Amino acid sequence: MDTFNIVESRSPIRLGFVPLNDCAPVAVAHELGIFKSYGLNVRLSRQPGWATVRDMLSYGELDCAQSIAGLAFYLALGLNKLRREIAVPLVLSAHGNAITLTRDLPPESIRRGEGLAAHLAHRWRKNRPFTVAAAHRFSSHHLLLHSWLRRHGIQPGRDAEIVFLPPPLMPRNLAAGHIDGYCVGEPWNSESILSGQGWCPATSAELATGHPEKVLLVTGEFVTEFRDECIALGAALLHACRVCQDPNFRNELITILAKPAYTGVSTTTLRNSLGPTFDSGRGNLDASDFHLFYGGDLNCPSADKASWFLSGMRGAGLLPETTAAPLTRLYRQDLYRSSEKLLLPA
């Protein structure tokens with residue numbers, strides 16, 4: 001790939017990510033030299049979970065991160081009492097999540113969730129509440145899990161307890177019996193399913209078709225002081241998203257994500273949701289839209305994508321109905337359009 005010196009990068013841009021399948025654009029941009037092609041010097045910083053990403057952005061230890069979108073609202077609205085200027089110049093992916101339940105909850109009884117309430121009412125024998133985990137209070141996983149439970153007649157806080165764990169820790173907590181299920185991004189659902197510990201009643205593509213998932217978060221200081229680099233970073237990651245969406249690249253993508261620097265899990269586990277079919281533990285499903293990285297307006301940080309999160313957070317009781325977020329200051333279509341203009345040909 002030829003180097004295209006759009007900017008002369010300061011050294012280095014500190015970019016955080018969490019080891020999930022949908023860190024793919026970050027991994028691919030680094031491994032294929034796409035960052036360098038856009039004149040950027042980027043240092044990747046692997047983080048264990050979203051709380052760490054939040055703290056490192058808050059205290060200026062990262063310039064930017066692949067992130068759950070809810071952190072943008074969390075920081076911009078000062079919900080942790082430490083308000084931070086933040087911007088979303090790019091949506092990195094859609095879908096990519098699933099709900100996994102323990103094998104102690106039989107698929108033939110629970111089905112897609114319709115039988116869960118009756119099972120908990122009449123057959124629950126554990127001396128603790130039904131407990132499920134999500135990746136972060138302000139993550140899409142929490143919103144999807146909250147909605148799924150309520151859809152099936154289970155009231156979180158009354159009939160079920162929701163706890164929060166870093167994604168890589170969920171399979172081992174399920175296997176140890178500390179939790180009864182979770183909602184998380186891949187490959188951590190497949191890790192439990194293929195080991196025989198869990199099964200999947202629903203994917204996020206089924207629960208909320210087209211929902212935005214990971215975004216690029218950048219600090220206000222980075223946008224203000226290094227605007228050209230911010231735009232070039234958006235272009236490089238948009239380029240990587242386009243590569244990730246190519247079905248002919250999936251084998252190479254799986255090889256990249258299997259590296260210890262990224263997810264470190266087996267290619268078999270990664271292929272379960274990135275390959276043509278998804279073994280859900282209750283049968284094989286079409287995995288063609290399990291992960292989406294590029295196409296149409298998927299990558300544009302539009303107001304409707306921001307509104308999906310705002311609505312979900314209000315529905316989960318995380319925000320008062322009167323809370324207003326500065327959507328145009330937060331979801332920066334101007335930066336995205338500038339990045340689009342720098343995008344190199346495929």
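Select H95 to begin: with a relative accessible area of 2%, H95 is buried. This residue sits in strand β5, residues 94–95.

If you colour the chain by pLDDT, its mean is 93, and 95% of the residues reach 70 or more. Residues 1–5 stand apart in that colouring, as their pLDDT stays under 50. For that stretch the model has 14 contacts beyond four places in sequence. Where pLDDT is low, predicted coordinates should not be read in detail.

**Next stop: R111**

Is R111 buried or partly exposed? Select R111 and you will find a partly exposed residue, with a relative accessible area of 43%. Its place is the loop between α5 (107–110) and α6 (116–122). R111 is another residue other than glycine with a positive phi, here near 55°.

**Into helix α1**

Now select residues 24–31, which form helix α1. Six of its eight residues are buried, so the helix is largely enclosed by the rest of the structure. The buried ones are A24, P25, V26, A27, V28 and A29. What lies over them? The cover includes the strands β1 (13–17), β2 (42–46) and β3 (64–68), along with the helices α2 (34–37), α12 (227–245) and α13.

Zoom in on A24, a member of helix α1. A24 is buried, with a relative accessible area of 0%. Leaving aside residues up to four places away in sequence, A24 touches C244, L253, L257 and F293. For a sense of scale, draw a line from the C-alpha atom of A24 to that of N189: the two are separated by 17 Å, and they are 165 residues apart along the chain.

**The cysteines**

How many disulfides does the model have? The count comes to zero. Select C23 to see one case: C23 is in no disulfide, and the nearest cysteine sulfur, that of C244, is 9.1 Å away. C23 is also buried, with a relative accessible area of 0%. Then go to C230, whose sulfur is 7.9 Å from the closest cysteine sulfur, in C64, which is too far for a bond; a disulfide needs the two sulfur atoms within 2.5 Å. C230 is buried too, at 2% relative accessibility.

Move to P167, in the loop between β8 (161–164) and α8 (170–175). At 1% relative accessibility, P167 counts as buried. Which residues does P167 touch, not counting those up to four places away in sequence? Show V18, L20, P48, G49, W50, A135, V184 and W188.

From P167, step across to E186: their C-alpha atoms are separated by 8.8 Å, although the two residues are 19 apart along the chain. E186 is joined to P187 by a cis peptide bond, with omega about 15°. By contrast, most peptide bonds are trans. P187 itself lies in the loop between β9 (181–185) and α9.

**Helix α14**

Select residues 267–274 for helix α14, where T269, L270, N272, S273 and L274 are buried. Now show what the buried residues of α14 pack against: the helices α9 (188–194) and α13 (250–257), and the strands β12 (277–279) and β14 (291–292).

**Last stop: the largest pocket**

Finish with the largest pocket, which has a volume of about 170 Å³. Rolling a probe the size of a water molecule over the atoms shows where empty space is left. To bring up the lining, select V91, S93, A94, G210, H211, P212, G295, D297, L298, D304, K305 and W308. Which helix gives the most to this lining? The helix is α15 (residues 303–315), which contributes three residues. Colour the lining by residue type, and the residues divide into five nonpolar, four polar and three charged.

Technical notes
Residues are numbered from 1 along each chain as its sequence is written. This is a predicted model: local features need pLDDT of at least 70, side-chain atom pairs count only at pLDDT 80 or more; totals for chains, interfaces and linings use all residues. Side-chain values use heavy atoms; hydrogens and water are left out. Helices (H or I, at least four residues) and strands (E, at least two) are DSSP runs, numbered from the N terminus. Buried means under 20% relative accessible area, exposed over 50%, partly exposed in between (1.4 Å probe, protein chains only). Contact means heavy atoms within 4.5 Å. On a 1 Å grid over the protein atoms alone, a cavity is a set of points where a 1.4 Å probe fits but cannot get out, and a pocket is an open set with protein on both sides within 12 Å along at least five of seven lines; lining residues have an atom within 4 Å of a point. Grid points are joined across faces, edges and corners, and a volume is the space filled by probe spheres set on the points. Ala, Val, Leu, Ile, Met, Phe, Trp, Tyr, Cys and Pro count as nonpolar, Asp, Glu, Lys and Arg as charged, and the others, Gly among them, as polar. pLDDT is the predictor's confidence in each residue, from 0 to 100.
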